[in-house]
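Trainee: Could you take me through one part of this model in detail, with the cut-offs behind each term?

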Amino acid sequence: AVLEALVAQGIPRHRLRAAGFGSTVPPPGEEKPDCSSGGDAGRVAFSVIQEITIRGTVQFSPCSPELTCSSEPLLDNVAALLAARPCLRVRVEGHADNAPNWGCTIEELARRRAQNVSKFLTSRGIDAD
């Protein structure tokens, strides 16, 4: 019923995902319901998935997790967007090609690149959570 109500409000079904099922934690200001009577006090929470397109590419030094200076303006714009819309939650992912790289695996390089982007955003006042 909740899903259908959200769809009826114009939110595309493919942009919705269940964020939690059966929570009995009441909203602020409400008493906790008595579940001893067998009533269903559970709630379902949904979050809306939004896509944000960033025009540009975050650049790294070759075979390195270090950001290049040319990436700073792009990431500054991302930080400004996130600061203006604090309700947004983003996932930072790193990628690496299969070029030879000494000292770590491709997966490790991708993880470290993502960490450096997160550190950059945190340095600009964006909460890491």
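Mentor: In H2, the residues Glu72, Leu75, Asp76, Val78, Ala79 and Leu82 meet Val117, Phe120 and Leu121 of H3, where contact means heavy atoms within 4.5 Å and helices are DSSP runs (H or I, at least four residues) numbered from the N terminus. By class, this contact of H2 with H3 has 7 nonpolar, no polar and 2 charged residues, counting Ala, Val, Leu, Ile, Met, Phe, Trp, Tyr, Cys and Pro as nonpolar, Asp, Glu, Lys and Arg as charged, and the others, Gly among them, as polar. This is a predicted model, in which local features need pLDDT of at least 70 and side-chain atom pairs count only at pLDDT 80 or more, while totals for chains, interfaces and linings use all residues. Residues are numbered from 1 along each chain as its sequence is written, and side-chain values use heavy atoms, with hydrogens and water left out.

The axes of H2 and H3 come within 9 Å and cross at roughly 60°; axes are lines fitted to C-alpha atoms, for helices over the stretch in contact, and angles run from 0 to 180 degrees between N-to-C directions. H2 and H3 are therefore oblique to each other, the class left once angles under 35 degrees (roughly parallel), over 145 (roughly antiparallel) and 65 to 115 (roughly perpendicular) are set aside.

The second largest pocket is lined by 15 residues, and Val90, Ile126, Asp127, Ala128 and Asp129 lie nearest its centre; a pocket is an open set of points on a 1 Å grid over the protein atoms alone, where a 1.4 Å probe fits, with protein on both sides within 12 Å along at least five of seven lines, and lining residues have an atom within 4 Å of a point. The elements giving two or more residues to this lining are helix H2 (72-84) and helix H3 (106-123), with H3 giving the most, 3 residues.
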